[in-house]
Amino acid sequence: MKKLGLLIFILLFVGGCSDEDKINQLTSKYENQLEELRKEMQDQQKEIEELKEEIEEYKLVPDVTYRLSLQEADREARKIMRLISDGKFEELKKEYDVEFEVKDDAVKFGVPESNTPFPIEWASNFMFIANFIKHPDGMDISYFISNPKNERNELIDMSFEKDMKLKFIFVGDA
């Protein structure tokens, strides 16, 4: 409002007081523009408040897709562990289209290069989810597997592509 008064003063000063109709038109024009800006700002503020409310509501609703992906990854990971513990390696290769070799009572995936072979005996041990990450290319699910020999839990990471094709089992902290 102060800017409008200053603008009117400048117009009066520059244009002189002789053309009162012109000054009234300009004043009316700028007042209308100011009113439109106020309305736009109110609308924007209302929209911002609605978005804030929507964000708060969204935080309360669990991501169903994420939960379903977690359940699917967990189901597949446990199925893979059963196949390994039962020694059904050909079925594992065929069903998950994954390459590995079995050597010295361990499954060696060869990827990543720093990966150590997965001991077959771990596959039948108790395991619980440590972490789950869903990304555009697939998902990774990590487990702590009990290892009675060491009286501690071992960490593994199972990496899947989008279509639930197993990429590898990484032993240790991925």
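Where is Asp-104 found? Asp-104 is in the loop between strand 1 (101-103) and strand 2 (106-108). The model described here is a predicted one.

## Overall make-up

The protein contains four helices and seven strands. Along the sequence they follow the pattern α-α-α-α-β-β-β-β-β-β-β.

Of the 174 residues in the protein, 28% are buried. The protein exposes about 12500 Å², and carbon and sulfur atoms supply 53% of that area. Among contacts with a separation of 6 or more, 41% are between residues 24 or more positions apart.

## The loop between strands 1 and 2

Most residues other than glycine have a negative phi. Asp-104 has a positive value, near 55°. Asp-105 also lies in the loop between strand 1 and strand 2, and its phi is positive as well, at about 55°, although Asp-105 is not a glycine.

Asp-104 has 69% relative accessibility and so counts as exposed. Asp-105, at 63%, counts as exposed too; the cut-off for this class is over 50%.

Side chains of opposite charge can pair when their charged atoms come close. The structure holds seven salt bridges. One of them joins the side chains of Asp-74 and Arg-78, with an N to O distance of 2.9 Å. Both residues lie in helix 3, four residues apart, which is about one turn of the helix. Asp-74 counts as buried because its relative accessibility is 17%, under the 20% limit. Arg-78, at 29%, counts as partly exposed.

Arg-75 and Glu-76 meet in a salt bridge through their side chains, at 3.9 Å from N to O. Arg-75 is partly exposed at 49% relative accessibility, while Glu-76 is buried at 14%. Glu-76 is found in helix 3, which covers residues 64-85. Leaving aside neighbours within four places in sequence, Glu-76 is in contact with Tyr-96, Phe-160 and Met-164.

## A salt bridge between two loops

Lys-165 forms a salt bridge with Asp-97, and the closest N and O atoms are 3.7 Å apart. Lys-165 lies in the loop between strand 6 (152-161) and strand 7 (166-171), and Asp-97 in the loop between helix 4 and strand 1, so the pair ties together parts that are 68 residues apart in sequence. Lys-165 has 25% relative accessibility and counts as partly exposed.

## Helix 4

Glu-91 is in helix 4, residues 89-96. With a relative accessible area of 38%, Glu-91 is partly exposed. The C-alpha atoms of Glu-91 and Ile-80 are separated by 9.8 Å, and the two residues are eleven apart along the chain.

## Surface patches

Which residues gather in a patch of negative charge on the surface? They are Glu-36, Glu-40, Asp-43, Glu-47, Glu-50, Glu-53 and Glu-54. Glu-54 has its place in helix 2, residues 20-60. Glu-54 is exposed, with a relative accessible area of 52%.

A nonpolar patch on the surface is formed by Phe-126, Phe-128 and Phe-144, which together have about 290 Å² of accessible area. Phe-128 is found in strand 4, residues 127-135. At 32% relative accessibility, Phe-128 counts as partly exposed; patch residues have over 30% relative accessible area.

How values were computed. Residues are numbered from 1 along each chain as its sequence is written. This is a predicted model: local features need pLDDT of at least 70, side-chain atom pairs count only at pLDDT 80 or more; totals for chains, interfaces and linings use all residues. Side-chain values use heavy atoms; hydrogens and water are left out. Patches are made of residues with over 30% relative accessible area and no salt bridge: like charges are joined within 9 Å, nonpolar side chains (Val, Leu, Ile, Met, Phe, Trp, Tyr) within 5 Å. Accessible areas come from the Shrake-Rupley method with a 1.4 Å probe; for residues, only the protein chains shown count as cover. A salt bridge is a side-chain nitrogen of Lys or Arg within 4 Å of a carboxyl oxygen of Asp or Glu. Buried means under 20% relative accessible area, exposed over 50%, partly exposed in between (1.4 Å probe, protein chains only). Lys and Arg count as positive and Asp and Glu as negative; His and the chain ends are not counted. The place of a charge is taken as NZ of Lys, CZ of Arg, CG of Asp or CD of Glu. Contact means heavy atoms within 4.5 Å.
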